[in-house]
Amino acid sequence: MTRVPVRDDLSALEGYHSPQVEVDVRLNTNESPFAPPAAWRDAFAAELSRVEWNRYPDRSASALRAGIAAVHGVLPDQVFAANGSNEVLQTLLLTYAGPGRTVATFEPTYQLHGHIARLTGAAVAEGERAADFSLDMAQVRKVLAATSPVITFLCSPNNPTGLVEPEANVREVLAMAPGLLVVDEAYGQFADWSAVGLIDEDSPLVVTRTFSKTWSMAGSRLGYLIGPSWLVAELDKVVLPYHLDAAKQIAGRLALTFVDEMEARVQFIVSERDRLSAAMATMDVDVFPSGANFILFRPRCVAGKVVWQRLLDHSVLIRDCSGWPRLSDCLRVTIGTAGENDLFLTALAAALTSKVAS
Ligand code: PMP
């Protein structure tokens, strides 16, 4: 049988991979180490039992949107929700990118911004960050002037570097961007400021968020954006009808009633992140400052890949970024429970000193 060839522009693309390996300590995908509150589970189960499964769900997810809007102090028609912030990004790109258009990213950053843009047929202009991974504003100016992107992506805190974009930079990029500025705040709650406060109807600014991290709901696949209502109305035309199933709408709406619990977890993870950073700073590694729930680091005397494998031999799985462009020898660890973090620190100390893999 002859295999049908895919679109010419897709044939060279690779998929997005994150290995899932059975280990004792899983610190590779920036999830929350905690289950959602028990009261959330109970309320969710109770509401699930009342769902009319023979009917389509609320197509506009109005209760969920209203809940998200209330949390952020915006209007419900400034909220768009989808299956994870990845689908939010995909819908944005399907609506505004596509063949003949350009999307700008500043590398290294979240790989899916460029990847999904390419899937829509858009060109990707990859600007470079400075050696410390901060945004080089002269480079931003140059890329935007040369390529006139319909979407400029920033990510704050940036994945995989952990760097929080200073407010002055976001304002400056917004002022010079010829199209939309999308600030991906998947880790926004772990940082000390948010671009949500800059959203208004007259600004082409969009902020994306997710329930996957701070809300302990990666298993539910729910994300959203806050942006001007004219943009949300366009996205509503593009996204598939009934894309948010009834269970997910309930899960998200109920999660929003547990803001205090969520904030307590964020505080705990931030304090653990600072504990881990301080401990790692005494080891033979360069630690990049993080405003997220993960830390990027680079071992100085042992190759990153070797350290990653030695950690795996101790049943500790972290993210190997050493093969990614601009990130040679870099590894990324997600903040876990206090016990998991201790196991990681012990394994890392051993991995950095052992001559041969144990
Ligand atoms: N943006 C960034 C920067 C991320 O790191 C992630 C998760 N890896 C996402 C978006 C997607 O998150 P989700 O689809 O789970 O909401």
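Tutor: Helices (H or I, at least four residues) and strands (E, at least two) are DSSP runs, numbered from the N terminus. This is a predicted model, in which local features need pLDDT of at least 70 and side-chain atom pairs count only at pLDDT 80 or more, while totals for chains, interfaces and linings use all residues. Residues are numbered from 1 along each chain as its sequence is written, and side-chain values use heavy atoms, with hydrogens and water left out.

Student: Which residues does a cis peptide bond join, and where is Pro 108 found?

Tutor: Most residues other than glycine have a negative phi, and most peptide bonds are trans. Here, a cis bond joins Glu 107 and Pro 108, with omega about 0°. Pro 108 is in the loop between strand 3 (102-107) and helix 4 (111-119). The bond from Ser 156 to Pro 157 is also cis, omega being near -10°, and Pro 157 lies in the loop between strand 5 (151-155) and helix 6 (167-176).

Student: What is the phi of Asn 30?

Tutor: Asn 30 has a positive phi of about 60°, although it is not a glycine. Asn 30 is placed in the loop between strand 1 (25-26) and helix 1.

Student: Which residues come nearest to the ligand?

Tutor: A residue counts as near if one of its heavy atoms lies within 4 Å of the molecule. Of the 13 residues around the ligand, Ser 85, Tyr 187, Thr 210, Ser 212 and Arg 221 come nearest. Helix 3 (residues 84-96) supplies the largest share of this shell, three residues. By class, the shell has four nonpolar residues (Ala, Val, Leu, Ile, Met, Phe, Trp, Tyr, Cys and Pro), three charged (Asp, Glu, Lys and Arg) and six polar (the others, Gly among them).
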